[in-house]
Amino acid sequence: MENRWASAGDGADGDHGDDLDACVYGSRLLGRDPALVLHGGGNTSVKQPYRDLTGKTIDTLYVKGSGWDLATIERPGFTPLRHDRLLELLALDALSDVDMMRELSAASLDPAAPAPSVETLLHALLPHRAVQHSHADAIVTLTNTAEGERTVADLYGPDVLIIPYVMPGFDLAKVASRMWENDRYSAMVLLNHGLFTFADTTRQAYERHIELVSLAEAWLDDHAPLAPPTDTPAPPCSCLRLAELRRQLSEVAGKPLIVQRHWTPPIAHFVSRPDLESLADRGPLTPDHVLRTKRTALVGTDVAGYATAYRSYFEHNAARSDGDLRMVDLAPRIIVDPEIGLLGIGETAKASGVAAEIYAHTIPVLERAEDHLGGYVALPAEDIFDVEYWSLEQAKLALAGPRARFSGCVAIVTGAASGIGRACAEALLAEGCAVSGFDRDPSVEGTFEGPNWLGQAVDVTDAEAQQTAIDTVVERFGGVDIVVAAAGIFGPSAPLRDLDADAWRSVQAVNVDAIAFLLSSVHGLLALSPVGGRVVIIGSKNVPAPGKGAAAYSASKSAVTQLARVAALEWADDGIRVNVVHPDAVFDTGLWDDETLQARAAQHGLTVEEYKARNLLGTTVNSKSVATVVAELASDTFGATTGAQIPIDGGNTRVV
């Protein structure tokens with residue numbers, strides 16, 4: 001494993017403002033290596049004096065705060081705590097998790113700081129200034145075996161303290177305290193958990209971390225080599241099959257879920273194993289992974305069977321808690337199947353991606369331990385349950401606010417690179433929807449950022465290319481719930497006597513044909529939507545009130561409106577709603593430029609601003625105005641509405 005501090009070239013502790021700056025730097029190095037830390041895992045600390053407003057110096061532990069990721073952590077991500085108070089807490093015989101977190105909060109020197117790590121007391125115990133903790137893949141590969149403790153002891157010798165598995169928090173700190181014989185230790189391995197290293201400086205602690213992980217990796221390469229990659233291509237998987245599976249998962253979860261398909265050489269090798277079901281049923285690498293992946297994966301596609309088994313698991317273990325537990329949903333978070341590969345499942349695209357990434361790191365650990373080290377051994381189900389239903393996690397569930405309105409939903413928006421299409425995509429994203437935007441402009445790929453966005457450069461008039469883009473949406477998100485057809489062109493303005501056949505066809509191709517083929521392609525997916533399919537088509541004021549010189553545009557928008565009405569009639573039995581909005585005078589779209597606006601305003605003897613508000617309400621209509629209505633139409637607010645046509649024009653005398 002590479003020592004990234006040394007390779008960075010500017011990593012000497014003296015290059016940092018103080019010890020906390022060095023801790024921030026080292027924490028980022030640790031957090032940016034997925035072989036060490038994944039998605040919020042791990043924690044770090046440094047002991048450094050704190051000077052308060054009175055000038056008093058206080059011995060302080062700065063420890064990673066909850067909600068911060070080591071890969072991107074900054075100084076405010078570390079909570080300053082009175083070290084002497086933490087040592088007083090360690091002298092207690094017992095301390096509940098709730099009382100521990102309350103006391104840690106009281107020990108904070110900054111009321112605006114985040115809640116400190118649950119492993120704070122262990123950091124406080126260690127008689128070293130700098131501490132780094134990870135869940136390194138190589139370490140848990142060694143520990144999660146029947147002979148894990150002996151293997152670690154033989155590899156590292158007496159300078160590394162080996163701690164049996166204890167649930168993080170006060171109890172773990174007390175066990176470590178009792179086992180700490182003297183200051184000869186330079187590291188601790190927590191069985192089925194991870195690695196702690198410590199030293200006088202963060203750089204020394206980090207480099208010791210890399211040294212020990214590298215030793216483990218070298219040992220594994222010699223004693224448990226990775227299986228050679230499998231070049232098996234991903235077998236074809238019907239989009240309708242994935243959408244049906246997503247619907248089943250969402251039904252047992254009681255909410256729409258995002259489902260991502262993954263197929264890589266390691267996944268291909270894993271899902272082809274004859275002992276796949278046994279391995280997938282063993283349990284996670286570290287207990288905290290249960291919060292992302294659940295205890296076991298579903299092998300195959302019997303979602304109902306998994307839900308029944310999960311309910312039994314909960315009922316069998318619920319008595320372990322003194323309080324009333326709130327059962328999480330019954331759906332798996334990982335599916336492995338020889339024909340599908342690996343499916344990551346979550347309430348958001350980020351959550352489904354995190355689950356998949358964690359399991360992708362789990363696979364080689366399972367295989368190396370099973371094939372070379374006497375078998376993979378996870379913690380008993382009872383210990384995993386205790387973390388999954390930890391009082392601190394239950395408190396988070398109780399405090400969690402309402403889900404975003406479109407959380408777990410998937411939308412396709414055409415014409416998403418600009419104008420109304422972009423505004424519609426932005427509105428849906430803002431309310432938690434996973435959105436794929438289609439546009440012939442390649443910039444659509446980067447129009448928005450984040451795991452909920454999938455921009456695809458596609459010419460919607462190319463039916464085959466559009467179908468490929470739809471398939472990609474299903475592979476990425478699991479299905480389609482919402483379609484917003486916003487792609488459109490106006491075409492050259494000309495009287496009918498000067499009609500150009502090519503210009504006419506190009507307008508119909510984008511405004512009618514592409515939408516017809518889009519609707520035909522997505523019908524089966526919308527029919528399988530766990531929330532009921534929703535379609536919104538961007539029409540135009542020109543449908544009820546056409547304009548001179550706009551024959552091709554007016555006819556195309558009228559035709560697509562009729563198409564929407566037919567779809568509303570045909571698809572109602574499938575629970576799919578189809579509605580149309582008719583915007584007018586939306587001047588922040590590609591249909592308008594400054595020159596055209598000035599010319600039109602001059603024709604009416606108005607200023608540009610007066611011309612923009614030339615409607616009954618005297619208001620300006622923009623893309624955001626249209627997007628707001630589109631989002632409402634796609635929501636449950638209009639759950640009893642289909643076949644409707646809604647003007648968004650400020651009131652037009654030719655329409656009212």
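1. Is Tyr 206 buried or exposed? Tyr 206 is buried, with a relative accessible area of 1%. (Buried means under 20% relative accessible area, exposed over 50%, and partly exposed in between, with a 1.4 Å probe and protein chains only.) Trp 5 is buried as well, and its relative accessible area is 1%.

2. A word on the basis. This is a predicted model, in which local features need pLDDT of at least 70 and side-chain atom pairs count only at pLDDT 80 or more, while totals for chains, interfaces and linings use all residues. Residues are numbered from 1 along each chain as its sequence is written, and side-chain values use heavy atoms, leaving out hydrogens and water.

3. Aromatic pairs. Rings of Phe, Tyr and Trp (its six-membered ring) pair if their centres lie within 6.5 Å; planes under 30 degrees apart are stacked, over 60 edge-to-face, and the rest tilted. The count by this rule is 13 aromatic pairs. In one of them, the ring centres of Trp 5 and Tyr 206 are 6.0 Å apart and the planes stand at 45°, so this pair is tilted. It joins distant parts of the chain: Trp 5 belongs to helix H1 (residues 4-8) and Tyr 206 to helix H9 (residues 202-223), 201 residues apart. Helices (H or I, at least four residues) and strands (E, at least two) are DSSP runs, numbered from the N terminus.

4. Aromatic cluster and charges over rings. Tyr 310, Tyr 313, Phe 314, Phe 385 and Tyr 389 make up one aromatic cluster. Lys 294 lies over the face of Tyr 310, 4.3 Å from the ring centre. Elsewhere, the charged end of Arg 422 sits over the ring of Phe 448, at 5.3 Å from its centre. The rule asks for NZ of Lys or CZ of Arg within 6 Å of the ring centre and within 35 degrees of the ring normal.

5. The sheet. Seven strands form an open, mixed sheet in the order S5-S4-S1-S6-S9-S8-S7. Two strands pair if DSSP finds at least two bridges between them. Strand S5 (78-82) and strand S7 (160-163) are at the edges with a single partner strand each, so one side of each has no neighbour in the sheet. On average, neighbouring strands are turned by 15° against each other, direction ignored. Axes are lines fitted to C-alpha atoms, for helices over the stretch in contact; angles run from 0 to 180 degrees between N-to-C directions.

6. Strand pairing. Strands of a sheet pair through backbone hydrogen bonds, either parallel or antiparallel. Strand S1 (residues 43-47) and strand S6 (residues 130-134) are antiparallel over four bridges. Thr 44 has Gln 132 in S6 as its bridge partner. S7 and S8 run in the parallel sense, also over four bridges. Here Val 160 is bridged to Ala 187 in S8.

7. Helices on the sheet. Helix H2 (residues 19-31) lies across S1, strand S4 (60-64), S5 and S6, at about 165° to S1. H9 also packs on the sheet and touches S6, S7, strand S8 (187-190) and strand S9 (194-199); its direction makes about 140° with that of S9. Contact means heavy atoms within 4.5 Å. S8 is covered on both faces: Ala 187 and Val 189 on one side, and Met 188 and Leu 190 on the other, are all buried.

8. Residues around the sheet. Asn 192 lies in the loop between S8 and S9. Asn 192 has a positive phi of about 60° although it is not a glycine. At 10% relative accessibility, Asn 192 is buried. His 83 is in helix H3 (residues 83-90) and is buried at 16% relative accessible area. Beyond neighbours within four places in sequence, His 83 contacts Lys 47, Asp 59, Thr 60, Leu 61 and Ala 124.

9. A helix pair. Helix H19 (residues 463-477) and helix H20 (residues 501-527) pack at about 30°, with axes 10 Å apart. Residues meeting there include Ile 470 and Val 474 in H19, and Phe 517 and Leu 518 in H20.

10. Pro 451. This residue is in the loop between strand S15 (434-439) and strand S16 (453-457). Pro 451 is partly exposed, with a relative accessible area of 43%. Not counting residues up to four places away in sequence, Pro 451 touches Ala 349, Lys 350 and Phe 477. Pro 451 and Ala 434 are 17 residues apart in sequence and 7.9 Å apart in space, C-alpha to C-alpha.
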